[in-house]
Amino acid sequence: MIALRLTFEDLSRIRFISTLGADFESRFAEVRFADPRQDVFAEWRRKVKRRLRGTNPVEPSAGTAGSMQNSFTSPSEGSDKGFYATAVEPFWGQIQNYLQLVCEVGGRTIVSGGVGSVLNNLHPAISWDAPVLRVNRGPHDREIELTGEGLVLAPSLFAANPLMLNPRTGWQGTPTLVYNVTPDADTAAALWQGAEGGPALSELLGHTRASVLESVRVPSSTGDISRRLHISNPSASKHVGVLRRSGLVTTERKNNSVVHRLTLLGEAVLG
């Protein structure tokens with residue numbers, strides 16, 4: 001358990017960033033790749049294994065990234081570049097945009113619900129009871145008192161657990177709390193499209209739903225989509241609902257109408 005004691009200045013300087021970068025994610029991806037579970041990363045593992053068989057490199061060990069799971073630690077030196085090129089780089093555009101979306105949601109939540117509502121909903125292992133932020137990680141208890149420089153919150157796709165980075169290794173010299181986010185199955189399927197994209201999108205979503213996604217490149221109402229694609233309003237509404245729950249489309253009310261538009265993840269999927 002890590003207990004972070006935040007001052008008023010720290011609370012006023014909490015900020016989100018979307019990612020600590022592709023190399024950072026790649027180190028955790030090595031650990032995820034070695035995990036045999038059938039989870040939302042299973043399809044990614046299958047694709048990576050096929051790519052690795054094609055290039056025949058030495059598969060990564062979990063040791064490098066494993067050392068990063070220690071609390072308030074520094075990242076180890078760079079991950080295997082061959083593994084990055086095979087397992088992360090082809091999917092990085094979608095991953096980056098997904099993490100950006102998570103970051104933006106966090107920022108909006110701070111504005112609408114306050115810092116407490118964000119800190120208590122980052123991750124099941126993270127809890128806020130002013131003035132202490134607790135990160136339930138590892139068997140050893142440790143208390144860290146921040147000194148007004150603030151706290152950076154950074155989502156991670158591949159990290160298995162939350163972890164703290166100290167000012168020396170955190171983002172721009174600031175203590176950084178990395179919290180892992182897990183996409184739902186539909187969003188994960190879109191992430192693992194990677195560079196394959198194109199016609200595979202219709203296979204994944206179905207022709208009509210892929211067309212609905214394409215149609216909201218221009219912000220559109222349900223009626224606009226219905227007319228454009230020659231489908232009924234209920235059908236258009238149903239497809240938009242699925243895309244919205246998958247994180248590909250967002251819906252907002254504008255004046256007296258409802259408008260659907262692509263999220264960053266949706267833009268990344270379409271390319």
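Student: Where does Ser-156 lie, and what makes it count as buried?
Tutor: Ser-156 is in strand E6 (residues 152–156), strands being DSSP runs of E with at least two residues, helices runs of H or I with at least four, both numbered from the N terminus. Buried means under 20% relative accessible area, exposed over 50% and partly exposed in between, with a 1.4 Å probe and protein chains only; Ser-156 has a relative accessibility of 0%, so it counts as buried. The model is a predicted one, in which local features need pLDDT of at least 70 and side-chain atom pairs count only at pLDDT 80 or more, while totals for chains, interfaces and linings use all residues. Residues are numbered from 1 along each chain as its sequence is written, and side-chain values use heavy atoms, leaving out hydrogens and water.

Student: What makes the pair of Ser-156 and Glu-25 a polar contact?
Tutor: Such a contact is a pair of N or O atoms within 3.5 Å, where within protein one must be able to donate a hydrogen and the other to accept it, and residues adjacent in sequence count only if both atoms are side-chain atoms. The side chains of Ser-156 and Glu-25 are joined at 2.7 Å, and the side chain of Ser-156 also reaches the backbone nitrogen of Ala-159 at 3.1 Å.

Student: Why is the pair of Phe-33 and Trp-44 called edge-to-face?
Tutor: Rings of Phe, Tyr and Trp (its six-membered ring) pair if their centres lie within 6.5 Å, and planes under 30 degrees apart count as stacked, over 60 as edge-to-face and the rest as tilted. The structure holds 11 aromatic pairs; in this one the centres are 6.2 Å apart and the planes at 85 degrees, so the pair is edge-to-face. Phe-33 belongs to helix H2 (residues 22–34) and Trp-44 to helix H3 (residues 42–55), so the pair ties together parts 11 residues apart in sequence.

Student: How do you know that helices H10 and H12 are roughly perpendicular?
Tutor: Helix H10 (residues 207–215) and helix H12 (residues 233–245) pack at about 75 degrees, with axes 10 Å apart. The axes are lines fitted to C-alpha atoms, for helices over the stretch in contact, with angles from 0 to 180 degrees between N-to-C directions. Angles under 35 degrees count as roughly parallel, over 145 as roughly antiparallel, 65 to 115 as roughly perpendicular and the rest as oblique; H10 and H12 are therefore roughly perpendicular.
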